[in-house]
Each structure stands twice: as C-alpha cells, then as structure tokens.
Amino acid sequence: MADDLEVLENGVNTSERSVYHEAISDAATEDNAVGGKSKKEKVPLPEEKVPVRIFFLLKHIIDNKDDQLFLIGTLIQNVFHSMNADDGDESTSYFHLRFNDLIADNDSGYSKVRNHESLEDSSKTTFQMTAPLEVDVDFDYFPFKIYTATLLVELSTRTEKTKRIRPELWVAKNDVRNNVTLQSPYLKDGIKKKNKEERTELYKDKMDKMKDYDFVSPCPKVEYIYDQKNECCHKCRLTFYLVEGGISKWVGILVPMLLVFVLDVVNVFYNDTKNGDTLSTSATLALTAVFLLPNILSKAYRPKIIATNMVYILLVFIGLALSSVTREMQSSKIAAYTGVALFGFSFIIPIVSFLKFSKYKQSILDEEKSFMKNDLKHEKFKHDMHDYKEYFQSMKDVMEGQCKLYKIIGDEFGAECL
C-alpha cells in the first residue's frame, strides 16, 4: 500500500526478558574441590543478531461461518546465517512465527512448512499461511465506517546452550514488493497495459473473498516495529482497510429514517385529528426509530462519548419527543415545529460524514502506488543468486536515515514506505 513503512507509535514492548545461564566462578570451583559450598553467578547469555527477510505473497482474504477473517497467502523466510542443527532438523534452521500473539505452526494450522532449502550460509523456508486477522473500527462517522483488518507477525527469539539468537528483520532498499506483494489476477492478459484504477479493481476481485466487507484498497499498509532497546526489528504488521459491503447503511438505515422524517412532518403539519391519534402516530414513528438506530453502533467497539452516531441518535429522539407535543398539550405547536427542525437537522450529519469519508478514503488510495506500478515484473530477490546486502538493509540503518525509501515517524519506534 503505502510506499513507506510506517512506524507504530503505540504498543511497542521493547522490554525483552533477559535470559541467563549459571556460571560457576573459579573461586567457587576451588571451594568445591575442598568440600566448600559453590557460589553461582548469573551471567547474561551472549546474544547474536541474525539478518532475516520475510516475504509475503498475498492471495486473498476469506471469512468463516463465525465471521472471522483470514489472510491466505505464502510466507517466505530467508535466514542469512547458518543455523542448521547437527541432527538435520529443519525446524531449527528458521525462526518460529506468531500471528497476532498466537503461535503459528502446523498444529495451529496458521502456517505450514511447504518447502525448505539450505545453502552453506543461508536458508529459505516457504510457509502456507492462513493467518487470523483482527478487525476493528478505524473511521466511524455515521453512517460511514472504515474497518482495519490487521496481522501482526513476530519472529521468536531462539535460545541455545551457549547463546541467544535474535532475529533481525531486513527491509527492501529499492522496491517494497521484495517484502510484500499481491498475487497477480489469474488469466488477466494485458494487465500491465491497464491504468491504475483498472488494475486496482482486478486486484480487488482477486483478493476479496469476504461476504460482509469490501476493500477500500487491496494493498496493505506495511509497518515495522523497531526495538529501540535491542536496536533491531523482529515484528511487522499488515493492515487492510475495509468497508461494509455495498450500500447497506443507506438502504438499511438512512432511507427508512428519511421515511420516518417525512411521516413526522405530515403528522405535525397536516394532521388535524384528535390528540390520541396524533400521539399514537408519534409512538409508531418512535418505535420504528428504536428498531433502526441500534444498527448505527458497532459491535465490540467502544465509541467516544460525543461521536457523530451518538449525536445523530440524540437529535432523532429529541426531535421525535418534541414532535409528539400536540396543540392540546401546549397553546401552540412551537415544540412540535422545533422537534421537526431537529429531526431534519440530523440529516446534515451524514452529508458532513460523507465528505470526511471521501477524504479519508482517498488518502488510503493514494498510498497504494508502490503496489500498482506499471513495471509488474520488478527485480526479484533470489537467495541462491543475489547478495542480500544489495537488496535489503537493517531497520537500524533505516532509523539512521540511510535510505530514502522510508519515512521516519518518531525517533524511537520506526518508519513509513515511499
């Protein structure tokens, strides 16, 4: 998505638990020899940082019967260091994965090793990825919502008898697609000749296997979390932006509410029936609103106290309450007219929200250009042919401003991709 890799500004836990091994001092050893008690000292286990490249080939997003979203794709882990165990166990030659703080292995089904290749000083492990996504509301201005579907990928540190091996993610120097790319749509000849909007729609059709959501953009925002304490990076995050499918909010809420407003106007201005009939009509309208308005609020979402959807709900109910005040209750219909005015004023909120929604949506679309370049056949990295240092660099170098591909956001946490 974004040409940059944006740094997380929250939630970065840089306090890693130190691992110690027990070392007996020479003096304690001498005490043992003469029957004395040994004294043990805790000595920090030496650490070794290993350069690692993670590559994502994103295929599509699906949902299951419980409406959980999963990202389907291929994950390749290149370890630019020899870590092969003496017993030939392949699982010791790569770093184990966690998806959104959940263990991702064959048992969980979130990642399965498909292939493994080892060279003298590096290895390549290919995983089939079925990663769970965390969905949250990012933009909420009634009746428009933009959701985020997020995947946090973490490489686990390994501890051996004599040292601790810490993964250090390296990121692309020249083309973000050497870290993250979208699988090309099937059987789409001439995709290279299509303009950006046409290519985006083809990728949306390819990526979107969801029932309830549509993509704002099929291209994810890619973020890397920098560990300031250990001066390395072992976490990255992919974020997709989604909207609820079609015009469900307009048809499901706004259109019925517009009908309720029209009936309220008729009831106040043109209804000359008795007091009881007027009240029963107002009660019917209020009951209709009661059934419609709860759909405005998001499930499992903690909205602000003063939010556009809450303001809209208050305006509607206050308007309906005042509209039910008849001439028999008050010498004039000023209260009823005020109620109708408030109800009508509430429709300004969707108009303002639409303008904000369009602006925010466009800002997301503007950041997808790195994935939608015309040069679809970019220079791909091949671990058995290329020197990784010519294609990638450490996040420490990025944080020091040694690459123009990234925009630093905050001195402590990381950067965003150009």
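In this predicted model, helix H6 covers residues 334-345, and its twelve residues should span 16 Å at 1.5 Å a residue, which agrees with the 16 Å between its end C-alpha atoms; the expected span is 1.5 Å times one less than the number of residues in the helix. The protein has nine helices and 19 strands, where helices (H or I, at least four residues) and strands (E, at least two) are DSSP runs numbered from the N terminus. Because the model is predicted, local features need pLDDT of at least 70 and side-chain atom pairs count only at pLDDT 80 or more, whereas totals for chains, interfaces and linings use all residues. Residues are numbered from 1 along each chain as its sequence is written, and side-chain values use heavy atoms, with hydrogens and water left out.

**Overall composition**

- Buried residues make up 47% of the 418 residues in the protein, with buried meaning under 20% relative accessible area, exposed over 50%, and partly exposed in between (1.4 Å probe, protein chains only).
- The protein exposes about 22,100 Å², of which carbon and sulfur atoms supply 53%; accessible areas come from the Shrake-Rupley method with a 1.4 Å probe, and for residues only the protein chains shown count as cover.
- Of the contacts with a separation of 6 or more, 69% are between residues 24 or more positions apart, a contact being heavy atoms within 4.5 Å.

- In H6, the buried residues are Ala335, Ala336, Gly339, Val340 and Phe343.
- Seen down the axis of H6, these buried residues fall within an arc of 140 degrees, so they line one face of the helix; the arc is that of the directions from the helix axis to the C-beta atoms.
- Helix H5, residues 308-323, has 16 residues that should span 22 Å at 1.5 Å a residue, in agreement with the 22 Å that separates its end C-alpha atoms.
- The buried residues of H5 include Thr308, Asn309, Tyr312, Ile313 and Leu315, and also Val316, Gly319, Leu320 and Ser323.
- The buried residues of H5 lie within an arc of 165 degrees when seen down its axis, so they too line one face of the helix.

**Strand E12 and its partners**

- Strand E12 (residues 164-172) is mostly covered, since nine of its nine residues are buried.
- Strand E3 (residues 47-63) runs parallel to E12 and is joined to it by six bridges, with valine 52 having leucine 169 of E12 as its bridge partner; two strands pair if DSSP finds at least two bridges between them.
- Strand E11 (residues 158-159) runs antiparallel to E12 and is joined to it by two bridges, with arginine 158 opposite isoleucine 165, and a hairpin through four residues joins E11 to E12.
- Strand E17 (residues 392-394) pairs with E12 in the antiparallel sense over three bridges, and valine 171 stands opposite glutamine 393 of E17.

- Strands E7 (residues 111-118) and E8 (residues 123-132) run antiparallel and are joined by seven bridges; the hairpin between them passes through four residues, and histidine 116 has threonine 125 of E8 as its bridge partner.
- Threonine 150 has its place in strand E10 (residues 144-155) and is buried, with a relative accessible area of 12%.
- Leaving aside residues up to four places away in sequence, threonine 150 touches Asn100, Pro132, Leu133, Glu134, Arg237, Leu238 and Thr239.

**Cysteines**

- The count of disulfides comes to zero, a disulfide being a pair of cysteine sulfur atoms within 2.5 Å.
- The closest cysteine sulfur to that of cysteine 232 is in cysteine 233, at 7.4 Å, which is too far for a bond.
- Cysteine 233 is likewise in no disulfide, the nearest cysteine sulfur being that of cysteine 236, 7.2 Å away.
- Cysteine 232 counts as buried at 1% relative accessibility, and cysteine 233 is buried with a relative accessible area of 0%.

**Backbone features in loops**

- The peptide bond from phenylalanine 142 to proline 143 is cis, with omega near 0 degrees, and proline 143 is placed in the loop between strand E9 (134-141) and E10.
- Aspartate 67, in the loop between E3 and strand E4 (69-79), has a positive phi of about 65 degrees although it is not a glycine, and is partly exposed at a relative accessible area of 44%.
- Aspartate 101, in the loop between strand E5 (97-99) and strand E6 (102-104), has a positive phi of about 70 degrees although it is not a glycine, and counts as exposed at 57% relative accessibility.
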